[in-house]
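Good morning, colleagues. I would ask you to keep the sequence and the model in view while I speak about charged contacts, aromatic rings and strand pairing.

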Amino acid sequence: MNRVTSTEYDSPVGPVLLTFVDDALVRLHVAHDGIDIARAEIAQRLGVLPDPDPSPGSHLARQLDEYFDGARRSFEVPLDWRLVRGFTRDALEASQQIPYGEVASYGEVAALAGAPRAARAVGTACASSPFSIVVPVHRVVRADGSIGEYGGHPEVKDFLLSLENDTVLGEGLRIGAGT
């Protein structure tokens with residue numbers, strides 16, 4: 001039987017519940033409504049209450065610290081896709097191709113996922129992603145460049161995009177410094 005664990009992570013965008021099945025991330029949930037509600041939601045979806053255990057999440061917590069400090073551009077954590085079905089997985093995997101500090105439209109991600117007319121479905125996939133931040137759906141924007149809702153919390157998406165943009169711009173300034 002698989003071991004289901006969870007741990008809390010205090011992020012700049014709010015409390016986060018990291019849930020693992022064995023050593024694979026099954027859900028990273030920014031718990032806007034509170035950790036207890038997030039824990040109840042994942043327990044309902046998985047059919048089991050996760051054991052509180054920081055061990056499986058400690059590696060990801062360090063990576064999240066590095067990301068929020070501007071020192072990490074991608075995550076190295078196995079993903080458990082059991083909460084994702086069909087085209088949603090294709091769209092989420094396609095969003096992983098968007099480089100750090102850049103954005104792509106819902107239509108561009110739909111094309112990357114092999115369904116160029118499925119921009120709305122990409123929006124639904126991004127909104128339902130169980131891997132917030134780690135799978136960078138925050139880099140997917142509307143065709144007009146506006147950021148969209150991001151699960152009802154556009155301020156989080158704006159924060160993440162600004163963090164990445166500031167990091168990239170800062171590196172550009174450092175590269176040119178003194179030359």
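Glu-8, Asp-36 and Arg-39 are joined in a network of salt bridges; a salt bridge here is a side-chain nitrogen of Lys or Arg within 4 Å of a carboxyl oxygen of Asp or Glu. The model is a predicted one, in which local features need pLDDT of at least 70 and side-chain atom pairs count only at pLDDT 80 or more, while totals for chains, interfaces and linings use all residues. Residues are numbered from 1 along each chain as its sequence is written, and side-chain values use heavy atoms, with hydrogens and water left out.

The structure holds eight salt bridges. In general terms, side chains of opposite charge can pair when their charged atoms come close. Let me take three individual pairs.

Arg-72 meets Glu-66 through their side chains, at 2.8 Å from N to O. Are these two partners buried or exposed, or partly exposed? Arg-72 is buried, because its relative accessible area is 15%; buried means under 20% relative accessible area, exposed over 50%, and partly exposed in between, with a 1.4 Å probe and protein chains only. Glu-66, with 32% relative accessibility, counts as partly exposed.

The side chains of Arg-82 and Asp-80 also form a salt bridge, at 2.8 Å from N to O. Here Arg-82 counts as partly exposed, at 36%, whereas Asp-80 counts as buried, at 12%.

Helices (H or I, at least four residues) and strands (E, at least two) are DSSP runs, numbered from the N terminus. Glu-93 is partly exposed at 31%, and Arg-89 is partly exposed at 33%.

I turn to the aromatic rings. A pair of rings is described by the distance of the centres and the angle of the planes. How many aromatic pairs does a search of the whole structure find? There are six; rings of Phe, Tyr and Trp (its six-membered ring) pair if their centres lie within 6.5 Å, with planes under 30 degrees apart counted as stacked, over 60 as edge-to-face and the rest as tilted.

One of them is the stacked pair of Tyr-9 and Phe-68, at 6.5 Å centre to centre and 15° between the planes. This pair links distant parts of the chain, since Tyr-9 belongs to strand 1 (residues 4–11) and Phe-68 to helix 2 (residues 55–68), 59 residues apart. Both Tyr-9 and Phe-68 are buried.

Tyr-67 and Tyr-100 make an edge-to-face pair, at 6.3 Å centre to centre and 85° between the planes. Tyr-67 is in helix 2, and Tyr-100 is in the loop between helix 3 (86–95) and strand 5 (104–105), 33 residues apart. Both of these tyrosines, Tyr-67 and Tyr-100, are buried. Tyr-9, Tyr-67, Phe-68, Phe-75, Tyr-100 and Phe-159 form one aromatic cluster.

Finally, the strands. Strand 2 (residues 14–21) pairs with strand 3 in the antiparallel sense over six bridges; two strands pair if DSSP finds at least two bridges between them. Leu-17 stands opposite His-29 in strand 3. The two strands form a hairpin with two residues between them, and Asp-22 in the turn has a positive phi of about 55°. Strand 3 (residues 24–30) is mostly covered, with seven of its seven residues buried.
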